[in-house]
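User: Could you take a close look at the ligand site for me? I'd like to know what surrounds the ligand and how that part ties into the rest of the fold.

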Amino acid sequence: MKSISMTQYLLEEQRAGRINADLRLLIEVVARACKRISIATAKGALGGVLGSAGTENVQGETQKKLDVLSNEILLEANAWGGHLAALASEEMDDPHPIPDRYPKGEYLLVFDPLDGSSNIDVNISVGTIFSVLRCPEDVKPDEKAFLQPGTQQVAAGYAIYGSSTVFVLTLGDGVYAFTLDREQGSFVLTGLRLRIPEETAEFAINMSNQRHWEAPMQRYIDELLAGKTGPRARDFNMRWVASMVADVHRILTRGGIFIYPRDQRDPDKPGKLRLMYEANPMSMIIEQAGGASTDGHRRIMEIQPQKLHQRVAVFLGSKNEVERATAFHDGTAA
Ligand code: P6P
């Protein structure tokens, strides 16, 4: 099969009228930045970028050198193109305006520059997650402009820096995957209209938090662990990479359910993962591939954000399994 580059795919989407030139440029610029991040992460210890940066982000988490570097790569790449009104990132307290010397555009880009960065030093896959929104007309591109539900996303995607680097993208009409050809230095189309099986026998959760979960969560997981001997009458397998991009990519590839529930250690904290730049973009991808994504009660993409860095519980993946897990939480489970 003749290989199709991402550039050709995006140009054809523009010719078909499904995206405009600015959105095409935005995706190409983000993909190019992800290529640079892939090269930096692949250097490992030879690149002098492992370990802590000695600083903390808005979440109070210690930043890895590669967190900071990845954030800078994405800021620089998106500054001059004239496609953005502003950017926001897990690594920055407030939205980052486009420098006055450059033209502004209609889009907002919000991202986690390097998700799963605690895995970098132990050479486990990490990734970049991004979400694209439109900046409301005649609105200053400050935090409020970003606070739109996930249903308003124009595009979403991630890059996973694993044994291969794969850029996964949805423009709202299916999910496409592009693998980095390191010899050519370009992303090549390798996955078209990816679909997630509606049933699964594999769940992803950090079991060490079990004693902190709410009762419905305990019951749901107990039934999975009971396997053939319990109400589910079949055995389940478990995976937990502790890198959302790696867990989601596996689910997009072969099905599964990924769960990061709220727990009772901090009742004010609805969950660990962030709504704007982890849960929403991943939810758009999962739904576009025929899966489902809820916070245990409602569709994540319908949540009206109140804060840029707010957190949310996440149940996403194979549609029927996510619906079963959600039913346990809203009391409708059989
Ligand atoms: P835990 C990585 O820090 C992250 O934000 C997600 O990528 C991942 O799914 C989750 O946290 C892992 O959390 O508590 O298992 O370390």
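**Around the ligand**

A polar backbone atom of M244 lies 2.7 Å from an oxygen atom of the ligand, a polar contact in the sense of a pair of N or O atoms within 3.5 Å. Quick caveats: this is a predicted model, with local features needing pLDDT of at least 70 and side-chain atom pairs pLDDT 80 or more, while totals for chains, interfaces and linings use all residues. Residues are numbered from 1 along each chain, and side-chain values use heavy atoms, leaving out hydrogens and water.

The shell holds 13 residues, with D115, N206, W240, M244 and Y260 coming nearest; to be near, a residue needs a heavy atom within 4 Å. By type, the shell splits into 6 nonpolar, 3 polar and 4 charged residues (Asp, Glu, Lys and Arg count as charged, and Gly is among the polar ones).

Now for the fold. β13 (257-260) and β14 (273-274) each supply at least two shell residues; strands here are DSSP E runs of at least two residues. β13 also belongs to an open, mixed sheet of 5 strands, ordered β12-β11-β13-β17-β15, whose edges are β12 (237-238) and β15 (292-294). β13 pairs antiparallel with β17 (residues 314-317) over 4 bridges, where pairing takes at least two DSSP bridges. In that pairing, I257 stands opposite G317.

How values were computed. Polar contact = N/O pair within 3.5 Å; in protein donor to acceptor, adjacent residues only side chain to side chain.
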